[in-house]
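Thanks for asking me to look this one over.

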Amino acid sequence: MNEFNVVILGCGGYIGSHLLDRLLAKDGVSVSGWDLENRKIEQHLDDPRLRFHLADLGSTQSLAELEKEIDAADAVINLAAICNPAEYNTEPLRVLKANLFDLQPVIDLCAAAGKWIIHFSTSEVYGRTLSSYIPSDGEVRDDHFVLREDSTPLIMGPVKNQRWTYASAKQVVERLIFAHHYESGMPFTIVRPLNFFGPRMDYLPGHDGEGIPRVLASFMSALIDGKPMQLVDGGTARRTILSIDDAMDAVMLMLERPEQARNQIFNLGNPHNEVTISELAQTMRRVYASITGDPSFGRHPIVSVPAEDFYGPGYEDCDRRMPSIENARKQLDWSPTKSLEQTLLETMADYHATYVCSSAAAPARRPEA
Ligand code: UDP
């Protein structure tokens, strides 16, 4: 990459921290990075090629400063988001503000400057699959559940199910970006991530945060702190798990091949790594037994809890996320390489090293069984 200057909004989060690792390993790259926090990127803060702004995108002052950075950039990558399902139905106004209203002026600035925006959206824009509405004795075809960027409809539940505040905010942002492209030619790339798993994904409650993190950290927290792993509504929902390393390979290819990446929507997921959440829990406890060398983790308690008890009213699950990745294959020559087992092993070993081995205060406790 020759002399590439990029603005990254949300560079201090999980995906942003991995992206900075990749970008700053290259010569000729400079980054204007924006975030509300920087704990995950401390190793990069002294790098002169990173101009880090500890700032809230919702403030007018940030916007004025951001405008100058956008004018000087080759591309703008948006990773700023609240993307934790536990907050969609409990803090819907915050979710709408961060994921939609704070972003609109930034997208408008990109459009005015004609800058390439690479926006991280979400696989949740697909909502529920058509197959989830087909009676159990009905015929299910693959286009009832395979998610294709350019043909699958986006299906969300009713307004009272506030789980969909996030998905609808993200959908409007996709449509806003597409509208700018249509009306003024703003180049864009929309990325729809499907369950990227890797180190630094989420906090562990009681260690470095409070609340309900996403499923990887929820299950890690149960294993590390000796609590049962909780399956929401029995854990029948399905997810495909993509290693963060595979995901970052795809993003780097987009930056290296702008002609192929521009004006495209890409699902980034691994169709070979599909599991039910119940299978995920069972696999994680087995992998953790091998990481710790303690076979009793293989019998770690797993319980089922009603969704309303776990997340509160207004939660509704995405039943299945099976991506077509043909577009990323075709345009970027990308396909994922890491199996579920390998992804879990690498990710869980990192969590174990961070929260158990390096923390005298938090030894792995025995399950309460
Ligand atoms: N889930 C679960 N137990 C947990 C946390 C999450 O069963 O402790 C379920 C959740 O209901 C969903 C899936 O795991 O079906 C994935 O949840 P996550 O929070 O990772 O986000 P999502 O994939 O829905 O965006």
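Predicted model: local features only at pLDDT ≥ 70, side-chain atom pairs only at ≥ 80, totals over all residues.

1. Residues are numbered from 1 along each chain as its sequence is written, and side-chain values use heavy atoms, with hydrogens and water left out.

2. The ligand shell. Which residues come nearest to the ligand? Of the 19 around it, they are Asn195, Gln230, Val232, Arg239 and Asp317; a residue is near a molecule if one of its heavy atoms lies within 4 Å of it. By class, the shell has 10 nonpolar, three polar and six charged residues. Here Ala, Val, Leu, Ile, Met, Phe, Trp, Tyr, Cys and Pro count as nonpolar, Asp, Glu, Lys and Arg as charged, and the others, Gly among them, as polar.

3. Oxygen atoms of the ligand have a backbone N or O atom of Val215 at 3.0 Å, a backbone N or O atom of Val232 at 2.8 Å, and a polar side-chain atom of Tyr315 at 2.9 Å. The protein buries 96% of the 520 Å² that the ligand exposes when taken alone (Shrake-Rupley method, 1.4 Å probe; for residues, only the protein chains shown count as cover). Two or more shell residues come from each of α7 (215–225), β9 (229–232) and α11. Helices (H or I, at least four residues) and strands (E, at least two) are DSSP runs, numbered from the N terminus.

4. Helix α7. This helix is mostly covered, with 10 of its 11 residues buried; buried means under 20% relative accessible area, exposed over 50%, and partly exposed in between (1.4 Å probe, protein chains only). Among the buried ones are Leu216, Phe219, Met220, Leu223 and Asp225. The buried residues pack against β8 (196–197), β9, α10 (277–292) and α13 (340–357), where contact means heavy atoms within 4.5 Å. Just after α7, Gly226 takes a positive phi of about 70 degrees.

5. The nonpolar cores. How many residues does the largest nonpolar core have? It has 68, and Ile8 and Leu268 make the most contacts inside it. A nonpolar core is a set of buried Ala, Val, Leu, Ile, Met, Phe, Trp, Tyr and Cys residues joined through side-chain atoms within 4.5 Å. Helix α8 (residues 244–256) gives the largest share of this core, nine residues. Setting aside neighbours within four places in sequence, Leu268 is in contact with residues including Val191, Phe196, Ala247, Met254 and Trp334. A second, separate core of 25 residues includes Ala55, Val76, Leu100 and Leu109.

6. Helix α5. Leu109 returns here: in α5 (residues 104–113), the buried residues include Val106, Ile107, Leu109, Cys110 and Ala111. The partners of the buried residues of α5 are β1 (4–9), α2 (60–72), β4 (75–78), β5 (116–120) and α6 (164–184). Just after this helix, Gly114 has a positive phi of about 65 degrees.

7. Ser17 lies in helix α1 (residues 14–23) and counts as buried because its relative accessibility is 0%. Beyond residues up to four places away in sequence, Ser17 touches Cys11, Lys40, Ile41 and Arg200. Asn270 sits in the loop between β12 (264–268) and β13 (274–276), and at 2% relative accessibility Asn270 is buried too. The Asn270 side chain reaches the backbone nitrogen of His272 at 2.9 Å, a polar contact (a pair of N or O atoms within 3.5 Å; within protein, one must be able to donate a hydrogen and the other to accept it, and residues adjacent in sequence count only if both atoms are side-chain atoms).

8. Pro306, in the loop between β14 (302–305) and α11 (307–311), is partly exposed at 42% relative accessibility.
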